[in-house]
Amino acid sequence: MTEFSNPSPELLVPRLRTGSSEAFHLFVGELARQSVRPPGEDRTIGAMCLAALHELELGGPLCHAVEDLLAVRANETPSNQVGDFRAVTQTELLSDHPDFPTDDAYEWPEAWREPLQALGERYTAAHFDSTCEELRSERLVYNLLFRKVQTDVPTRALPVEYVMQTRAERFPNGVRWLNMGCGIMEGQSYLLNKSALGVPPVEVVGSANDTAATHKFNALLERASLIHESVGIDIADAYDPNTYTWSRGSLRPSELKNQSFIQRFDALAPARLTGTKPQVHPDFFRGDILSDDDMAEFTTAYGRKKFQVVSALTMLHQVNGDDTNKERQKLLERGRELLDDNGILIVSDFAWLTPRARAPQRLNFYRHWHEPFRYRSFIWDASEPEAGLQEILRSKNSRCDTFQIIDKVFDELAT
Ligand SMILES: C[S@@+](CC[C@H](N)C(=O)[O-])C[C@H]1O[C@@H](n2cnc3c(N)ncnc32)[C@H](O)[C@@H]1O
């Protein structure tokens, strides 16, 4: 057994110098879980989790950084907190370790020891040396405490394309699409430029005839786009180079190593960040959807009831999910207010819907969202509000390459 062998969280926690709090215990448990079953089966993530467990066990400066992360992000689930922590470490490595992640050494915990120790030391030093204002402007501290993970995956926009194409008769004048929590607008840019870029084939499983369903689904995605205008809104500035760096740092190492994935990612990012230029650009508005002032400004600029499609893709789980569920409901309500009378709201997230028989209807969010087919898409139809949210698709993972179709409209469509 090496010193990095995988300890169970139960064995590890009592030995931690600082790991007395419940939140710390849960965080360590999630690190241990992801060290064995990393998202996307990405070995590099598993190695990072194992090395972080070891550093926390030693009680070094990394504990200080993690405890502060947990204190500030107390409303997040342990899997989100581990996601934040991974994005922080990866963003730092991408800036000062040019061999990350291409060097296969990062698939082993030993390679993470030095960067994790350095991260803990830099964070602690920043605390001793800085005023509060300086702390916020220090990238490491700001990312660790405040930034929300921004994995921005182009193919997550495919459920939006699916909805527009399966309900095309409602949109005779095309679609004005608002994308809430758009990140750096990878998905939007992707759909706007799909005829030039091409849509990679996706697979349909779990149907009566998967080959026929796969063919029909891909044919729908390849149809001419109905979008004539598209706006994204996000709390983080999509045009800030730090947001771009952070979005890259939020990806999986296996994606960062994949040349064609990264080329596409860069081609779809806003031109002013990368110098590359997709043919059609979405519009961007910086704002917090939960802020009344920001949304008043947004409606002055773009109007109310003016969008045929409003989406919230992989963003609702980042909104405070306490027992009252108020903020998530408010966010969905904001989306509904902006829809035209025949419009459709689309929500994709790691969530399941309480059956209507057990009212009130509610989206429930998975704690362990890496399990298969927990990334799901739901619609709310403004012309049929009493129907509530309806599930339409399940994706094998949040990279949207394999779907199960729940939507009845799909079966009724001619091939
Ligand atoms: C995980 S990213 C998803 C990006 C993209 N929609 C996708 O599915 O790939 C979530 C995004 O939601 C944004 N976000 C979270 N809360 C928000 C809020 N209250 N208002 C606006 N944007 C928000 C974050 O800044 C982040 O860019």
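Analyst: Quick definition before we start: two strands pair if DSSP finds at least two bridges between them. Keep in mind that this is a predicted model.

With that in hand, take strand S9 (residues 375–381) and strand S10 (residues 390–395), which pair in the antiparallel sense over five bridges. To see one of those contacts for yourself, pick Phe378, whose bridge partner in S10 is Glu391.

S10 also pairs with strand S11 (residues 402–405), again in the antiparallel sense, and here there are three bridges. Look for Arg394, which stands opposite Gln404 in S11. S10 and S11 make a hairpin, with six residues between the two strands. Click on Cys400 in that turn: its phi is positive, about 50 degrees.

Now zoom out to the sheet. As a reminder, strands of a sheet pair through backbone hydrogen bonds, either parallel or antiparallel. This sheet is open and has nine strands, with mixed pairing, and the order reads S2-S11-S10-S9-S6-S5-S1-S3-S4. At the edges you find strand S2 (203–204) and strand S4 (283–286); each has a single partner strand, so one side of each is left without a neighbour in the sheet.

For context, the protein chain has 19 helices and eleven strands. It runs to 415 residues, of which 41% count as buried. If you take contacts between residues at least 6 apart in sequence, 72% of them join residues at least 24 apart.

The crossing of H2 past H3 is left-handed. From H2, the residues in contact are Val28, Leu31, Ala32, Gln34 and Ser35, and they meet Ile45, Gly46, Cys49, Leu50, Ala52, Leu53 and Leu56 in H3. Sorted by class, that contact has nine nonpolar residues, three polar ones and no charged ones.

Last stop, the ligand. There are 23 residues around it, and those that come nearest are Gly181, Gly183, Leu313, Thr314 and Met315. Its shell has eleven nonpolar, seven polar and five charged residues.

Technical notes
Residues numbered from 1 in each chain as written. Predicted model: local features only at pLDDT ≥ 70, side-chain atom pairs only at ≥ 80, totals over all residues. Left-handed = near helix turned anticlockwise from the far one by under 90°. Helix = DSSP H or I, 4+ residues; strand = E, 2+ residues; numbered from the N terminus. Contact = placed C-beta atoms within 7 Å. Nonpolar A, V, L, I, M, F, W, Y, C, P; charged D, E, K, R; others polar. Near = placed C-beta within 6 Å. Buried ≥ 20, exposed ≤ 12 C-beta atoms within 10 Å, placed from the backbone.
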